[in-house]
Amino acid sequence: QVQLVESGGGLVQAGGSLRLSCAASGGSPYAMGWFRQAPGKEREFVSAVGWSESMTYYADSVKGRFTISRVNAKSTVNLQMNNLKPEDTAVYYCAAGSVVPTNPVGVRYWGQGTQVTVSS
């Protein structure tokens with residue numbers, strides 16, 4: 001059973017940066033990624049990476065600002081978030097499984113979530 005633990009959320013001003021990390025225990029999933037959910041909205045895809053970092057995916061809203069990477073023998077996934085905007089405010093969830101997680105339906109493992117708040 002894979003468990004995911006996120007860290008790195010917080011409060012930042014618009015234009016600032018944050019880095020989220022998600023450490024997997026109990027195994028190294030084939031693919032890992034991030035989703036986010038703002039109040040009153042559905043959970044949405046942010047970014048994902050397969051076993052190889054040549055397989056990276058981004059939502060259009062974060063392309064050019066966010067970078068995903070896998071470290072620590074692929075057991076940890078980082079999300080570097082630059083030039084943050086107020087609309088990036090949400091709870092960010094780590095996801096993992098045997099397929100690249102670009103849709104919340106079918107994600108096998110979820111983290112507990114970490115709050116990111118961007119002030120204007």
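**Reading strands, core and disulfide**

Me: Opposite R19 one finds Q80 of β8. How many bridges join β3 to β8?

Reply: The model is predicted, and local features require pLDDT of at least 70, while side-chain atom pairs count only at pLDDT 80 or more and totals for chains, interfaces and linings use all residues. Residues are numbered from 1 along each chain as its sequence is written, and side-chain values rest on heavy atoms, with hydrogens and water left out. Strands are DSSP runs of E with at least two residues, and helices are runs of H or I with at least four, numbered from the N terminus. Two strands count as paired if DSSP finds at least two bridges between them. Here β3 and β8 run antiparallel and are joined by six bridges. Another facing pair is L20 with L79 of β8.

Me: What is the order of strands in the open sheet?

Reply: The order is β1-β3-β8-β7, four strands with antiparallel pairing. At the edges lie β1 (3-7) and β7, each of which pairs on one side only. The antiparallel pair β1 and β3 is held by five bridges, and L4 faces A24 of β3.

Me: Which residues does V5 touch beyond its sequence neighbours?

Reply: Contact here means heavy atoms within 4.5 Å. V5, which has its place in strand β1, touches S21, C22, A23 and Q112 once residues up to four places away in sequence are set aside. The C-alpha atoms of V5 and C22 are 5.4 Å apart, although 17 residues separate them along the chain.

Me: Is S21 buried or exposed?

Reply: A residue is called buried under 20% relative accessible area, exposed over 50%, and partly exposed in between, using a 1.4 Å probe and protein chains only. S21 counts as buried because its relative accessibility is 16%. This residue is found in strand β3 (residues 18-25).

Me: Which side chain forms a polar contact with that of S21?

Reply: A polar contact is a pair of N or O atoms within 3.5 Å; within protein, one must be able to donate a hydrogen and the other to accept it, and residues adjacent in sequence count only if both atoms are side-chain atoms. The side chain of S21 makes such a contact, of 2.7 Å, with that of N78. Beyond four places in sequence, the residues in contact with S21 are V5, E6, S7, W34, V77 and N78.

Me: How many residues does the largest nonpolar core have?

Reply: In soluble globular proteins, nonpolar side chains tend to be buried together. A nonpolar core is a set of buried Ala, Val, Leu, Ile, Met, Phe, Trp, Tyr and Cys residues joined through side-chain atoms within 4.5 Å. The largest one in this model has 34 residues, and L4, W34, L79, M81 and Y92 have the most contacts inside it. At least two residues of this core come from each of several strands, including β4 (31-37), β8 (76-81) and β9 (90-97). The largest share, five residues, is supplied by β9.

Me: With which strands does β9 pair?

Reply: Antiparallel pairing links β9 to β4 over seven bridges, and A31 faces G97 of β9. β9 also pairs with β11 in the antiparallel sense, over three bridges, where A90 has V116 as its bridge partner. Two bridges join β9 to β10 (residues 109-110), again antiparallel, and there A96 stands across from Y109. As for its cover, seven of the eight residues of β9 are buried.

Me: Which residues are joined by a disulfide?

Reply: A disulfide is a pair of cysteine sulfur atoms within 2.5 Å. A search of the whole structure finds one, and it joins C22 to C94 with an S to S distance of 2.1 Å. The torsion about this S-S bond is about -85°, so the disulfide is left-handed. Because C22 lies in strand β3 and C94 in strand β9, the pair ties together parts that are 72 residues apart in sequence. C22 is buried, with a relative accessible area of 0%, and C94 counts as buried at 0% relative accessibility.
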